[in-house]
Amino acid sequence: MAKQRVLTGITTTGTPHLGNYVGAIRPAIAASRDTSIESFFFLADYHALIKCQDPQLVRQSSKEIAATWLALGLDTQNAVFYRQSDVPEITELTWVLCCNAAKGLMNRAHAYKAAVQENTDAGEDPDYGITMGLFSYPVLMAADILMFNAEKIPVGRDQIQHVEMARDIAQRFNHNFADVFTLPEAVVGDDVAVLRGLDGRKMSKSYNNTIPLFQSPKQLRKSINKIKTNLLEPGEPKDPDDSTVFQIWAAFASQSETQRMRDEFAAGIAWGEAKKQLFELIDDEIGEARERYNTLMDNPADIEQELLRGAERAREHASALMRRVRDAVGIGALR
Ligand code: TRP
């Protein structure tokens with residue numbers, strides 16, 4: 001049986017945090033070790049340009065994200081790990097897909113619509129500050145996916161629509177030209193925790209409530225101490241299901257350890273004590289990876305070597321597919 005092909009991209013505009021780790025990175029790394037799956041993971045650095053015009057930030061984020069995935073034990077023999085911009089075929093395919101994607105489809109993209117709405121609410125021109133990059137974002141993402149004939153696309157809920165658009169675009173191309181593309185499907189794990197951040201809302205860079213994954217133990221302890229709790233005193237029973245501390249605990253602990261903490265909450269564990277235990281639990285899981293991370297950050301050439309090897313493997317697929325696409329649309333050598 002052919003291996004199932006899984007693909008996902010990470011936009012390089014931020015520092016990996018515990019929410020990224022639990023929701024996306026940890027499951028992806030587990031998948032990279034599963035030899036019944038062929039996985040493609042990449043740094044979506046061209047996507048980063050859509051929301052970030054700070055070159056230093058894009059560079060730093062690319063480095064941090066690559067170092068994070070490698071430090072956590074991504075199996076780069078099995079999985080293909082690359083940087084989007086190292087595979088120029090992806091942007092070539094983007095143009096061909098642009099010529100097949102309906103503008104009306106792009107008009108319906110949530111991210112674009114939200115930007116227009118914000119302008120309208122502010123009494124601005126609806127197009128104010130909206131680039132062609134933002135508008136065409138789903139087409140670039142479709143190229144990422146369709147280029148590798150990926151079947152399963154693990155994403156967060158906010159990205160489901162984009163995967164469906166990729167599917168639409170693929171269908172239309174296949175119908176108009178030739179059966180070139182596999183139709184992709186989004187996978188959103190129900191069991192994957194959406195971690196809450198310092199203020200209790202979803203942990204997200206846009207809320208500025210994140211706990212960075214690889215900060216020093218001292219800083220990690222500080223961050224955990226900032227998690228919002230209520231004013232209940234030691235000895236007063238606390239509701240675990242209403243607690244960010246407990247929710248993060250459950251994302252790292254075994255079932256029996258989760259049950260134990262549930263009991264401790266009922267017995268009135270002090271917030272300071274719960275946070276101390278949470279720090280130890282997290283530090284235990286990521287401590288060794290943190291050392292590898294720091295070493296990689298100090299030796300970017302080692303990261304680079306992995307990425308370039310990944311790009312070479314990715315381009316084997318991409319150049320073959322691009323030949324089929326060009327042939328299908330009538331571009332290429334005259335004969
Ligand atoms: N747009 C995705 C995000 O912001 C990242 C991404 C880019 C992606 N290309 C992709 C995800 C292809 C899955 C498949 O999260």
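Visitor: How many of the eight residues of strand 2 (residues 37-44) are buried?

Guide: Before I answer, note that this is a predicted model, in which local features need pLDDT of at least 70 and side-chain atom pairs count only at pLDDT 80 or more, whereas totals for chains, interfaces and linings use all residues. Residues are numbered from 1 along each chain as its sequence is written, and side-chain values use heavy atoms, with hydrogens and water left out. Strand 2 is mostly covered, with seven of its eight residues buried; buried means under 20% relative accessible area, exposed over 50%, and partly exposed in between, using a 1.4 Å probe and protein chains only. Strands (E, at least two residues) and helices (H or I, at least four) are DSSP runs, numbered from the N terminus.

Visitor: Which strands pair with strand 2, and in what sense?

Guide: Two strands pair if DSSP finds at least two bridges between them. Strand 1 (residues 4-11) joins strand 2 in the parallel sense over eight bridges, and Leu43 in strand 2 is the bridge partner of Ile10. Strand 3 (residues 80-83) also runs parallel to strand 2, joined by four bridges; there Phe40 has Val80 as its bridge partner, while Leu43 stands opposite Arg83.

Visitor: Which residues of strand 3 lie on each of its sides?

Guide: In a regular strand the side chains alternate between the two faces of the sheet. In strand 3, Val80 and Tyr82 are on one side, Phe81 and Arg83 are on the other, and all of them are buried.

Visitor: Which helix makes a β-α-β unit with strand 1 and strand 2?

Guide: Helix 1 (residues 18-32) makes that unit with them, and the unit is right-handed; with the strands pointing away from the viewer, the path from the first strand over the helix to the second then runs clockwise.

Visitor: How should I read helix 8 (residues 160-176), and which of its residues are buried?

Guide: An α-helix has 3.6 residues a turn, so residues three or four places apart point the same way. The buried residues of helix 8 include Gln161, His162, Met165, Ala166, Ile169, Ala170 and Phe173. Helix 8 has 17 residues and reaches 25 Å from its first C-alpha to its last, close to the 24 Å expected at 1.5 Å a residue.

Visitor: Which residues line the largest cavity?

Guide: Rolling a probe the size of a water molecule over the atoms shows where empty space is left. On a 1 Å grid over the protein atoms alone, a cavity is a set of points where a 1.4 Å probe fits but cannot get out, and lining residues have an atom within 4 Å of a point. The lining of the largest cavity is made by Thr76, Ala79, Phe81, Glu306, Arg309, Gly310 and Arg313, and helix 13 (residues 300-329) gives the largest share, four residues. About 30 Å³ of space lies in this cavity, a volume being the space filled by probe spheres set on the points, which are joined across faces, edges and corners.

Visitor: Where does Asn208 lie, and is Asn208 buried or exposed?

Guide: Asn208 lies in the loop between strand 5 (185-187) and helix 9 (217-225), and Asn208 counts as exposed because its relative accessibility is 71%. Its phi is near 55 degrees, a positive value in a residue other than glycine. Asn149, in the loop between helix 7 (132-146) and strand 4 (152-154), likewise has a positive phi, near 50 degrees.

Key. 1 Å grid on protein atoms, 1.4 Å probe; cavity = no way out; pocket = protein on both sides within 12 Å on 5 of 7 lines; lining within 4 Å. Expected span 1.5 Å × (residues − 1).
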